[in-house]
Amino acid sequence: THVVAEPCSGCKYTDCVVVCPVECFYEGEQMLYIHPDECIDCEACVPECPVEAIFHEDNLPSEWESYTQLNADKSEECEVITEQKTPLAEPKDE
Ligand code: F3S
C-alpha cells in the first residue's frame, strides 16, 4: 500500500484524489489518508503531490514510520474524498 506522510499535514492539495482510480483517499482535518486495503499501488498519485507526501510503505522515510498505522486507522474514521478542493496552504516551493 501507499501512505500519506507528514508533508501533507496542513496542505491538503488534493491533486492526488482526482487521479486515484479506486477512490482510496480519506480526508482528515489536517491531511489525507490512504486506505491500505483499497490502495492498489498504481502510483498515479505519487507524482501529482506538489510536496511529495505520498510514499510506498516500503520507501517511507524512517522518521515517518508511524504514518503507516495512522493511515490505516484514520482512513477507517474519515470520509472518502474524490474531488479536488481548495488546499489549506500554498505549495512550499512557490
Ligand atoms: Fe496531501 Fe499531496 Fe494529496 S499535499 S492532499 S498528499 S496532493
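Two residues are in contact when heavy atoms of theirs lie within 4.5 Å. The views below show a predicted model.

**View 1. Contacts of Val4 in the predicted model.**

**View 2. The largest nonpolar core, with 28 residues.** Val4 is among the residues with the most contacts inside this core, together with Cys16, Phe25, Leu32, Ile34 and Ile54. Two or more residues come from each of β1 (2-4), α1 (15-19), β2, β3 and β4 (54-56). Strand β3 gives the most, with three residues. In soluble globular proteins, nonpolar side chains tend to be buried together.

**View 3. An open sheet of three strands.** The strand order is β3-β2-β5, and the pairing is antiparallel. Which strands stand at the edges? They are β3 (32-34) and β5 (79-80); each has a single partner strand, so one side of each is left without a neighbour in the sheet.

**View 4. Strands β2 and β3, with helix α2.** Strand β2 (residues 25-27) runs antiparallel to β3, and three bridges join the two. In this pair, Phe25 stands opposite Ile34 of β3. Helix α2 (residues 67-77) packs on the sheet and touches β2, β3 and β5. The direction of α2 makes about 105 degrees with that of β3.

**View 5. Residues around the ligand.** Of the 14 residues here, those that come nearest are Cys8, Tyr13, Thr14, Cys16 and Cys49. By class, the shell has 11 nonpolar, one polar and two charged residues.

How values were computed. Residues are numbered from 1 along each chain as its sequence is written. This is a predicted model: local features need pLDDT of at least 70, side-chain atom pairs count only at pLDDT 80 or more; totals for chains, interfaces and linings use all residues. Side-chain values use heavy atoms; hydrogens and water are left out. Two strands pair if DSSP finds at least two bridges between them. Helices (H or I, at least four residues) and strands (E, at least two) are DSSP runs, numbered from the N terminus. Axes are lines fitted to C-alpha atoms, for helices over the stretch in contact, and angles run from 0 to 180 degrees between N-to-C directions. A nonpolar core is a set of buried Ala, Val, Leu, Ile, Met, Phe, Trp, Tyr and Cys residues joined through side-chain atoms within 4.5 Å. Buried means under 20% relative accessible area, exposed over 50%, partly exposed in between (1.4 Å probe, protein chains only). A residue is near a molecule or strand if one of its heavy atoms lies within 4 Å of it. Ala, Val, Leu, Ile, Met, Phe, Trp, Tyr, Cys and Pro count as nonpolar, Asp, Glu, Lys and Arg as charged, and the others, Gly among them, as polar. Lists of a residue's contacts leave out its neighbours within four places in sequence.
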